[in-house]
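Student: Could you walk me through a few features of this structure, and show me how to read each one?
Tutor: Gladly; let us look at it together.

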Amino acid sequence: MKDATPQTIRLADYAPYPFTLDAVALTFRLAPKATRVVAEIRMTPRQPGAALALDGEHLRLISAAIDGQSLSAEDYILTDTGLTIHPAALPDAAFTLATEVEIAPEGNTALQGLYMSRGMYCTQCEAQGFRRITFYPDRPDVMARFTVRVEADLPVLLSNGNPTASGPGWAEWVDPWPKPAYLFALVAGDLVAHSGNFTTMSGRKVALNIWVRRGDEDRCGFALGALQRAMKWDEDAYGREYDLDIFNIVAVDDFNMGAMENKGLNIFNAKLVLASPDTTTDGEYERIEGVIAHEYFHNWTGNRITCRDWFQLCLKEGLTVFRDQQFTSDMRSGPVKRIEDVLTLRARQFREDQGPLAHAVRPESYVEINNFYTATVYEKGAEVIGMLRRLVGDAGYRRALDLYFDRHDGQAATIEDWLAVFADATGRDLGQFKRWYSDAGTPRLRVEEHWQDGTYTLEFTQVTPPTPGQPEKAPRVIPIAVGLLSPNGDEVVPTQVLEMTEARQRFSFSGLAVRPVPSLLRGFSAPVVLERDATAAERAFLLAHDTDPFNRWEAGRSLAREALCAMVAGAAPEPEHIDAVGRLIRDGAADPAFRALCLRLPGEEEIATALFERGTVPDPDAIHAARGRLAAALAQKHEAVLSEIHDAMAVPGPYAPDAGPAGKRALRLAALALLSRIDGGRRAQALFDTAPNMTETLGALACLIEAGQADAALAGFRARWSADRLVMDKWFMVQLAHADPANAPALAARLASDPAFEWKNPNRFRALMGGFAANHAGFHHPSGAGYSFYADWLIKLDPVNPQMAARMSTAFETWPRYDAARQALAQAALARIEALPGLSRDMGEMVARLAKANR
Ligand code: 0A1
Ligand code: ZN
């Protein structure tokens with residue numbers, strides 16, 4: 001049922017629920033077309049005279065009774081969105097509401113609520129899926145203890161909490177911890193477990209299971225190890241212990257997002273669980289470990305302490321991302337992880353902040369909350385916590401977190417609560433800092449330098465461009481980590497954090513013998529765009545000498561970016577850049593993973609962003625060509641050493657996904673990507689033919705595609721992997737992401753008619769459409785063919801899976817950057833979507849926001 005008039009929900013309208021839920025007992029009689037759900041909810045009124053409003057969608061009501069007495073038609077109002085029981089039909093004191101509903105998991109293609117994935121039942125309730133299961137106050141501040149009975153003729157029947165009883169065809173689970181409905185989960189199917197255990201810091205033994213389809217059990221070892229490492233790390237780093245006897249993870253083939261932190265029963269997209277060297281790349285191993293940890297960490301940051309309302313989403317997501325970043329940083333290389341995180345932040349969050357979808361870390365209104373699981377809430381939400389930590393120091397941060405867990409355990413909290421623990425634990429006033437939660441947009445931090453009589457002064461100006469609904473913004477607190485180097489490369493002032501609070505502010509360093517070279521925003525200490533007019537020579541100097549590894553990389557990156565921007569306008573490659581790269585790759589003392597990051601050129605999207613930021617309309621074809629020319633120039637100049645690196649970075653022996661060997665493979669592939677520009681794909685073909693793992697196979701395949709030599713390799717890859725869904729996703733993705741942009745729209749259309757394109761599967765849809773959208777000049781093809789192809793598929797997906805369709809629509813968020821002709825074509829594609837009768841609430845909100853250029 002479509003909503004005729006979607007409501008806007010506002011933070012300012014929050015009101016507590018007028019009933020407390022004392023206990024919830026659910027019985028599921030599972031059947032694909034007609035599952036029965038019996039719910040018995042024990043509740044106590046908190047406001048005399050209040051009606052009992054329950055959410056419910058796509059439910060067929062069979063019966064409803066209060067304290068055993070059936071309700072009659074005049075006792076309630078039933079609509080498409082819920083059931084409201086009149087106050088007159090309610091007792092004054094505690095009572096039990098019993099309802100029975102029928103639902104159809106088999107036809108549930110939206111993958112929210114209870115649905116089926118290739119014969120297995122599973123649930124996804126965040127954010128508002130529980131209302132598709134039974135009538136319930138589906139809001140995170142209503143917490144209750146759940147008891148669940150599952151009945152089905154299937155061998156494995158799971159729910160939250162601890163198992164209490166089972167028999168043939170049924171099982172019962174009790175979750176002792178009060179939780180909001182979005183953390184409810186149920187799984188039933190013919191599954192097998194890869195099992196292990198973990199002994200907690202207080203000596204309790206917890207059973208761990210990774211549940212997968214038969215045949216996948218030998219690809220679970222890495223996920224189990226990652227879970228054990230995460231459990232240990234959370235004890236060591238945050239003092240957080242697991243609180244049930246069992247922890248289950250289930251891998252599901254059809255899942256809209258990455259994974260879900262349901263209490264004691266995490267449900268995962270199979271691609272974030274299953275791992276083997278033959279099928280999984282190094283990058284995917286790292287991500288699996290990070291997401292397993294992320295969902296596990298939610299047990300405390302999200303589950304034990306949850307969100308009062310969905311506006312507080314960053315309370316759990318920003319913090320949990322921050323924690324998983326710390327974890328990965330500790331498991332692998334800190335500097336490399338920081339660079340990777342900043343790359344993601346810039347590619348996704350800065351892009352979001354720059355366009356029509358910009359919103360605050362804590363938004364103040366929404367139509368469909370699923371549209372706010374964004375890079376801003378997650379990644380910028382994590383950056384804000386990183387800044388807080390830098391401002392209060394490690395010890396202050398730990399005190400604040402201890403207080404947070406202590407004070408709010410068992411509660412549904414807010415950002416105000418979060419900031420109060422920092423204020424109370426450290427004595428700091430965080431009034432101005434709070435703007436990071438309420439103001440959208442990426443501040444631009446401009447710096448000017450003055451040097452006089454041994455005193456060096458940095459003068460910063462901050463400006464945040466207007467964003468939708470926020471034309472003007474007050475200055476924010478910006479922690480700027482700074483170090484100073486002398487021209488001979490020595491560090492004369494080690495890292496210190498300058499706290500900028502004004503729109504314009506000066507910081508001076510006196511007693512210096514010579515004018516220093518500044519290393520600014522070390523470790524990327526704030527999510528801002530730093531604007532400094534540095535020469536290529538200065539950037540090359542920092543790339544060679546900075547003691548801060550992030551800023552070393554940043555110097556190289558900006559050198560490459562500047563060179564590329566100039567090349568788009570017709571300049572020749574920058575010799576300082578070419579030489580600096582040569583010195584860097586010869587630096588055998590540097591971590592291979594770090595050298596790989598330095599060797600990789602900025603992507604086309606990043607160049608487009610950089611051009612736009614300086615007021616130039618980006619031309620996708622010119623950008624594509626310039627990047628190709630620079631890669632070829634680098635390869636020509638450094639062919640010998642690149643070739644040496646390519647050979648030397650081969651890792652012998654059995655595959656290990658650890659940071660060490662993965663870094664070598666990354667460097668090897670970064671060298672190969674350049675060499676393939678000038679050797680016609682010769683080396684890539686050789687590697688493709690012999691590669692002993694998916695990392696190198698896929699890396700070589702990407703190079704062959706860019707070299708236009710991949711026909712046989714793609715056919716061979718497909719023949720070998722046609723039965724493996726996760727690997728076939730890569731087949732779709734890689735050929736579109738690396739295709740010649742001129743042909744990319746036609747190739748995308750051809751692949752979309754391939755019988756293997758199972759478009760209702762979210763991973764497959766994302767592989768094809770995401771691969772295509774990642775092809776910058778292909779998606780922005782001057783004919784508009786990319787836009788219209790993409791829009792056609794969003795239109796097709798929307799009635800089937802609105803959440804996915806709406807998420808994928810963000811490919812259009814950069815349209816206001818481009819030339820008038822492209823803008824008109826993209827707007828026409830969006831208008832075509834917007835005009836569709838019966839458009840989902842999800843997509844309706846997205847296209848309405850996308851249509852407005854905010855500059
Ligand atoms: N809380 C999850 C993300 C998530 C959100 C919505 C979903 O609906 C399909 C699924 C997962 C996380 O942060 O991992
Ligand atoms: Zn999360």
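**Reading helix packing and a ligand site**

Tutor: Helix H10 passes helix H13 in a right-handed crossing (right-handed if the near helix is turned clockwise from the far one by less than a right angle, left-handed if anticlockwise). Helices here are DSSP runs of H or I with at least four residues, strands are E runs of at least two, and both are numbered from the N terminus. Before we go on, this is a predicted model, in which local features need pLDDT of at least 70, side-chain atom pairs count only at pLDDT 80 or more, and totals for chains, interfaces and linings use all residues. Residues are numbered from 1 along each chain as its sequence is written, chains are lettered from A and ligands numbered from 1 in the order in which they are written, and side-chain values use heavy atoms, with hydrogens and water left out.

Student: At what angle do H10 and H13 pack?

Tutor: Two packed helices are described by the angle between their axes and the distance between the axes. Axes are lines fitted to C-alpha atoms, for helices over the stretch in contact, and angles run from 0 to 180 degrees between N-to-C directions. For H10 (residues 575–586) and H13 (residues 620–648) the angle is about 20 degrees, and the axes are 10 Å apart. H10 is therefore roughly parallel to H13 (under 35 degrees is roughly parallel, over 145 roughly antiparallel, 65 to 115 roughly perpendicular, and the rest oblique). Ala, Val, Leu, Ile, Met, Phe, Trp, Tyr, Cys and Pro count as nonpolar, Asp, Glu, Lys and Arg as charged, and the others, Gly among them, as polar.

Student: How do H2 and H3 pack?

Tutor: Helix H2 (residues 282–297) and helix H3 (residues 313–331) have axes 9 Å apart, at an angle of about 135 degrees. That makes H2 oblique to H3. Their crossing is right-handed. The contact includes Glu289, Ala293 and Phe297 of H2 and Glu317, Val321 and Phe327 of H3. Its residues divide into 5 nonpolar, 4 polar and 5 charged.

Student: Where do the axes of H22 and H24 stand?

Tutor: The axes of H22 (residues 785–797) and H24 (residues 820–834) come within 9 Å and cross at roughly 15 degrees. These two helices are therefore roughly parallel to each other. Tyr787 and Leu794 of H22 are among the contact residues, as are Leu825 and Ile833 of H24. The contact holds 8 nonpolar, 1 polar and 3 charged residues.

Student: Which residues come nearest to ligand 1?

Tutor: Of the 15 residues around ligand 1 (one heavy atom within 4 Å), those that come nearest are Glu126, Glu261, Glu295, Glu317 and Tyr378. A nitrogen atom of the ligand is 2.6 Å from an N or O atom in the side chain of Glu126. An oxygen atom of ligand 1 is 2.5 Å from an N or O atom in the side chain of Glu295. A polar backbone atom of Ala259 is 3.1 Å from an oxygen atom of the ligand.

Student: What joins Glu126 and Ala127?

Tutor: A cis peptide bond, with omega about 0 degrees. Ala127 is found in the loop between strand S11 (120–124) and strand S12 (144–151).

How values were computed:
Contact = heavy atoms within 4.5 Å. Polar contact = N/O pair within 3.5 Å; in protein donor to acceptor, adjacent residues only side chain to side chain.
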